[in-house]
Amino acid sequence: MAVAQPKPDLTESRIAALELPKGGAWGMAARADALARLRVMGLPGRRDEYWKFTNPDSLTQVAAPRAALFEAKDEAPLFDAVDRLRIVFVDGVFDAEQSDELSLEGVEIERLADAMARDIHWAREFYGTLETAGQTPVARPLAALNTAFATDGLVIRAVGKAAKPISLVYLHRSETSDAILHHVVRVEEGAELTILENGPAAARFNKCMEISVADRGAFHHVRAQGRDHERRAATHMFARLGAESRYKSFTLTVNGVMTRNEHVIELTGDDASAHVAGAAMGDGKLQAFHHDDTVFVTHGALRCESRQVFKKVLRNGAEGVFQGKILVKPGAQKTDGYQISQALLLDEEASFQAKPELEIYADDVKCSHGSTTGAIDETALFYLRARGVPRETATDLLVLAFIDEAIQEIEDATLQDDIRTRLQLWLERRRRG
Amino acid sequence: MLTIKNLHVKLEDEDKQILKGVDLTVEAGKVHAIMGPNGSGKSTLSYVLSGRDGYEVTDGTATLEGEDLLGMEPEERASAGLFLAFQYPVEIPGVGNMTFLRTAMNAQRKARGEEEVSAGDFLKLVREKAKALKIDAEMLKRPVNVGFSGGEKKRNEILQMAMLEPKMCILDETDSGLDVDAMKLVADGVNALRDAGRGFLVITHYQRLLDHIRPDVVHIMADGRIVKTGGPELALEVEQNGYADILAEVA
């Protein structure tokens, strides 16, 4: 158990600066419980083992560091071509005017505050529950802080096959916004739901999503974290998966001075599968870039499959971190666990730290992990150049090829192409300066 | 077309001289062959001309239509009209063959101030050229050279050459790893490109490729120099007697 040592000063001053949102008995109780847990854990500090490669200071300090807004100019917003239900948050606050009506065939959607205002509500048994479960064996204080102080969010329940994806758009309009959002997602038996997320959200963004997928349900998640260079984000995805259910998540990150994305997934029903993928492309030239993927997958049932595929392309001092663990509980026989993290370092200033872990308490399992860090393939680069492709273009081609293995983890081919086209465009823009 | 004068080249990291004064002129419309034993510097010559890292030119010049090749980046040499068919074509996972070809074609055109080729025209052209080389649609879709057999890789090199229409083609041991049928196919591809405006430099160990690609001039290279130059009959002499006689003769 790696429980963080209490750090009363830091934690208490952060808590003092926040206000516990009011409303609804069960909501208040869950928040009070989370606050109590946060006080015991304390916010993370540099000495915490789980934060060995990522300095949490800017995520825990009282006020959000200022973040300049990024203008994408004539760039069309991501997912614009996708038929979707669009829900907009501006600096972490739901914006009804810019959003579609919260109504979708096969799905129930409400704002968190509205759900909490009702005594009898399905979300009652989910809010904070998966987050709490995800606190062992490793403490995740920023998630407890989120459950306690989240000011907005959605509760989404899929009862059938959702007619189209729900797209959460996070706009950033204030240079000092400090947003705390908490979503609860329930996919009922045999139901299917896709959630898209994009945008920088705020100067500092703490987001938590709890996803419970019942037997034979399917949940897809595709996220792009926005292009603001100076934004900071700490996100948590807590998922609990029933029998024969499927969970698939992909995250694309290109900018951002600080990003920590945590995935905590528990396979609790037999024959479930969980795929988590991420592609990060960091350039430390304009602003620092630090990107941390921390994943914890627990196999607690028979014949489950999990897959982690993370790719990072880093240059000009950009820093990448991957901490990935597969825990196979006693009795979780026939587990198939796979994990790969790879970094392409385009210069000597970029760095990548990887900590892959397997912990297995069953004797009939297949688990593998791998991690590689490498430079660009000079032979391939020369081959492309010898055919007339300039060095920068050739590098971009190889970068896209490297990243593509993570993009292929997205189930929907149209979304795959959307992400590919976007990356190409960004690389071209970067090249032109 | 290609003029090499007194070219001296050493390895960048080692104090090892590979080329010790190469003089060679390939005229437009002509096919020159370079033969020679292992380690004579044939492949180094092709790499140095195409701009590969790891070599240092210590003396001499190489020009393409009067332009200094050695001062150019590899991509500039390609746009200027130089093409090297690799002895070992490189596999590039994740980059589609078609994407690669089109990117290369358009990059060269752009560098020369020409109009980029449209997607439709490109597709038409690549299908036509691929057909002649018996390269099927499946191969075109696959990542560059990934999972290709030795013969497929070499045919893919010739396809690139046919698409890019260079002025000066260097073929580095294109016959290595080819069976008779594949060699015929590759040779036909090369022969189809022979015209009055294009020069060829064919590097090979063996005479058999030269049965299919008839050279105008044959050079023998040994120990970093061209030691003998003659007509096609020189290749036959090598085939019959090996290099020993020739080397003894010039020593």
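In which helix of chain B is A137(B) found? In this predicted model, A137(B) belongs to helix α5 of chain B, which covers residues 137-141.

**Residue A137(B)**

- A137(B) has a relative accessibility of 52% and therefore counts as exposed, the cut-off for that class being over 50%.
- A137(B) and G54(B) are 83 residues apart along the chain, and their C-alpha atoms are separated by 36 Å.

**Interface of chain A and chain B**

- The contact draws on 16 residues of chain A and 29 residues of chain B.
- A salt bridge links R385(A) with E73(B), with 2.5 Å between the closest N and O atoms.
- Across the interface of chain A and chain B, 10 residue pairs are in polar contact, both residues being at pLDDT 80 or more.
- On the side of chain A that touches chain B, the elements giving two or more residues are α7 (378-386) and α8 (391-407) of chain A.
- Helix α7(A) gives the most to that side of chain A, with 7 residues.
- Sorted by class, the side of chain A that touches chain B consists of 10 nonpolar, 3 polar and 3 charged residues.

**Aromatic pairs and cluster**

- F219(A) and Y247(A) are both buried.
- The ring centres of Y383(A) and F86(B) are 4.9 Å apart and the planes stand at 75°, so the pair is edge-to-face, a class that requires over 60 degrees.
- Y383(A) is part of helix α7 of chain A, whereas F86(B) lies in the loop between β6 (82-85) and β7 (92-96) of chain B, so the pair joins two chains.
- Y383(A) is buried, as is F86(B).
- One aromatic cluster is formed by F89(A), F94(A), Y170(A) and F205(A).

- H219(B) is located in strand β11 (residues 217-222) of chain B.
- The relative accessible area of H219(B) is 5%, so H219(B) is buried, the limit being under 20%.
- The side chains of H219(B) and H32(B) are joined by a polar contact of 2.8 Å.
- Leaving aside residues up to four places away in sequence, H219(B) touches residues including L24(B), H32(B), A33(B), I34(B) and M35(B).
- H205(B) is placed in the loop between β10 (199-204) and α8 (208-212) of chain B.
- With a relative accessible area of 18%, H205(B) also falls under 20% and is therefore buried.
- A polar contact of 2.8 Å connects the side chain of H205(B) with that of N38(B).
- Beyond residues up to four places away in sequence, H205(B) touches M35(B), G36(B), P37(B), N38(B), K42(B), E173(B) and Y243(B).

**Backbone features**

- The peptide bond from T136(A) to P137(A) is cis, and its omega is near 5°.
- P137(A) is in the loop between α5 (129-133) and α6 (141-149) of chain A.
- K334(A) is not a glycine, yet has a positive phi of about 60°.
- The loop between β16 (319-328) and β17 (336-345) of chain A contains K334(A).
- D223(B), a residue other than glycine, likewise has a positive phi, near 50°.
- D223(B) lies in the loop between β11 and β12 (225-230) of chain B.

Methods: Residues numbered from 1 in each chain as written. Chains lettered and ligands numbered in written order. Predicted model: local features only at pLDDT ≥ 70, side-chain atom pairs only at ≥ 80, totals over all residues. Heavy atoms only, no water. Contact = heavy atoms within 4.5 Å. Salt bridge = Lys/Arg side-chain N within 4 Å of Asp/Glu carboxyl O. Polar contact = N/O pair within 3.5 Å; in protein donor to acceptor, adjacent residues only side chain to side chain. Helix = DSSP H or I, 4+ residues; strand = E, 2+ residues; numbered from the N terminus. Nonpolar A, V, L, I, M, F, W, Y, C, P; charged D, E, K, R; others polar. Buried < 20%, exposed > 50% of the residue type's maximum accessible area, 1.4 Å probe, protein only. Phe/Tyr/Trp six-rings, centres within 6.5 Å; stacked < 30°, edge-to-face > 60°.
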